[in-house]
2 protein chains.
Amino acid sequence: MDELPGALGSSGSLALRLGQAIFSVASLLFMCFDIPFYSYTAFCFLATVMGLLMAWSLTLAMVDAFSVLIKLPTRLPGIISLVVLGDWVLSFLSLAASCSTASVADFLIHSRSSFCEGTLCARYQLSATMAFLAWFLTFSSSLFNLWLLPSLNV
Amino acid sequence: MDELPGALGSSGSLALRLGQAIFSVASLLFMCFDIPFYSYTAFCFLATVMGLLMAWSLTLAMVDAFSVLIKLPTRLPGIISLVVLGDWVLSFLSLAASCSTASVADFLIHSRSSFCEGTLCARYQLSATMAFLAWFLTFSSSLFNLWLLPSLNV
């Protein structure tokens, strides 16, 4: 079997997972650190999804680091299927959360409400951008693992 | 080759495409018919994406109807790849548009603005629901065609 960059257990996958973790933590920090966010559904949704994505990608980053260090790839079809499914669900959720946050932030900016004082709404926009980048990396991971799946079942 | 229900050229695919067309037309009507929508980015985005999805699914419904009537499935790998790619892009766009619209409608309802008079915001929510259902059918179509793809290349 060829070594596929980005599939579970490779150093490419470790880089992707670390990228996801960094972007989701950045999105959480921009959203939650010292500003009000819990009164809007879209912002709470983003915080929940980014928390889930952070836990998921840090867990899989540890699995990848273990595989890379021990040089023993753990590639059972059942595990890869589970990882692909989880990646897909989380990528849809993070795309939905980032678009919701971006549209509400845009609405707040254009309605010139008193809510957007100083750099508050710019922070919401930055948070949505980070969530979008996290979506992109999660989706890449899921595609790499999906590509690997048929070669395991044969 | 087994007949895969839902792949391009089958009657299952025709049903899926007609469903997509119906839901996208319903979403467009709920959003645009006789109410203001063009002053909000999220609502314009939804109208654009649903217009694209309507054209795309009606075109492919005609291809499917032709294939079913003539009993001559047109399954070149290049065409299927193009259909899968288009379905994926449109499914991501429609998910993003439906979540954006839903979050802005929710925000308008909770902020009790004067904008939400009568059943206006309920119509935006219905439009987002229809777009979400259109996303689900588009995503199903893309999965069926993706499943068919490896058997054509072998």
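This is a predicted model: local features need pLDDT of at least 70, side-chain atom pairs count only at pLDDT 80 or more; totals for chains, interfaces and linings use all residues.
A salt bridge is a side-chain nitrogen of Lys or Arg within 4 Å of a carboxyl oxygen of Asp or Glu. B:D87 sits in helix 3 of chain B and B:R17 in helix 1 of chain B, so the pair ties together parts that lie 70 residues apart in sequence. Both partners are tucked away from the surface: B:D87 counts as buried because its relative accessibility is 0%, and B:R17 is likewise buried, with a relative accessible area of 0%.

Chain A has a salt bridge of its own, between the side chains of A:R17 and A:D87 (2.9 Å, N to O). Here A:R17 belongs to helix 1 of chain A and A:D87 to helix 3 of chain A, so this pair, too, links parts 70 residues apart in sequence. A:R17 and A:D87 are both buried. Searching the whole structure turns up two salt bridges over all chains. As a general point, side chains of opposite charge can pair when their charged atoms come close.

What about the places where the two chains meet? Between chain A and chain B, the salt bridge count is zero, while five residue pairs are in polar contact, both residues being at pLDDT 80 or more. Helix 3 of chain A gives the largest share, 11 residues. Sorted by class, this side of chain A holds 14 nonpolar, three polar and one charged residues.

In terms of contacts, 18 residues of chain A meet 18 residues of chain B. The size of an interface is often given as the accessible area lost when the parts come together. For chain A and chain B, the buried area comes to about 1,500 Å², and carbon and sulfur atoms give 84% of it. Within chain A, the residues that lose the most area to chain B are A:W88, A:F92 and A:F107, which together make up 37% of what that side buries.

Next comes the packing of nonpolar residues. In soluble globular proteins, nonpolar side chains tend to be buried together. The largest nonpolar core in this model has 46 residues, and the members touching the most others are A:F43, A:M50, A:Y124, B:F43, B:M50 and B:Y124. Helices 1 (11-32), 2 (41-70), 3 (77-110) and 4 (120-153) of chain A, along with helices 1 (11-32), 2 (41-70), 3 (77-110) and 4 (120-153) of chain B, are the elements giving two or more residues to this core. There is also a second, separate core of 34 residues, and A:V83, A:F92, A:F139 and A:L148 are among them. Zooming in on A:M50, and leaving aside residues up to four places away in sequence, this residue touches A:S24, A:S27, A:L28, A:S94 and A:A131.

B:P36 is found in the loop between helix 1 and helix 2 of chain B. With a relative accessible area of 35%, B:P36 is partly exposed. Not counting residues up to four places away in sequence, B:P36 touches B:F115 and B:Y124. B:P36 and B:G118 are 82 residues apart in sequence, and their C-alpha atoms are 13 Å apart in space.

Conventions: Residues are numbered from 1 along each chain as its sequence is written. Chains are lettered from A and ligands numbered from 1 in the order in which they are written. Side-chain values use heavy atoms; hydrogens and water are left out. A nonpolar core is a set of buried Ala, Val, Leu, Ile, Met, Phe, Trp, Tyr and Cys residues joined through side-chain atoms within 4.5 Å. Buried means under 20% relative accessible area, exposed over 50%, partly exposed in between (1.4 Å probe, protein chains only). Helices (H or I, at least four residues) and strands (E, at least two) are DSSP runs, numbered from the N terminus. Contact means heavy atoms within 4.5 Å. Buried area is the accessible area (1.4 Å probe) that two parts lose on being put together, summed over both. A polar contact is a pair of N or O atoms within 3.5 Å; within protein, one must be able to donate a hydrogen and the other to accept it, and residues adjacent in sequence count only if both atoms are side-chain atoms. Ala, Val, Leu, Ile, Met, Phe, Trp, Tyr, Cys and Pro count as nonpolar, Asp, Glu, Lys and Arg as charged, and the others, Gly among them, as polar.
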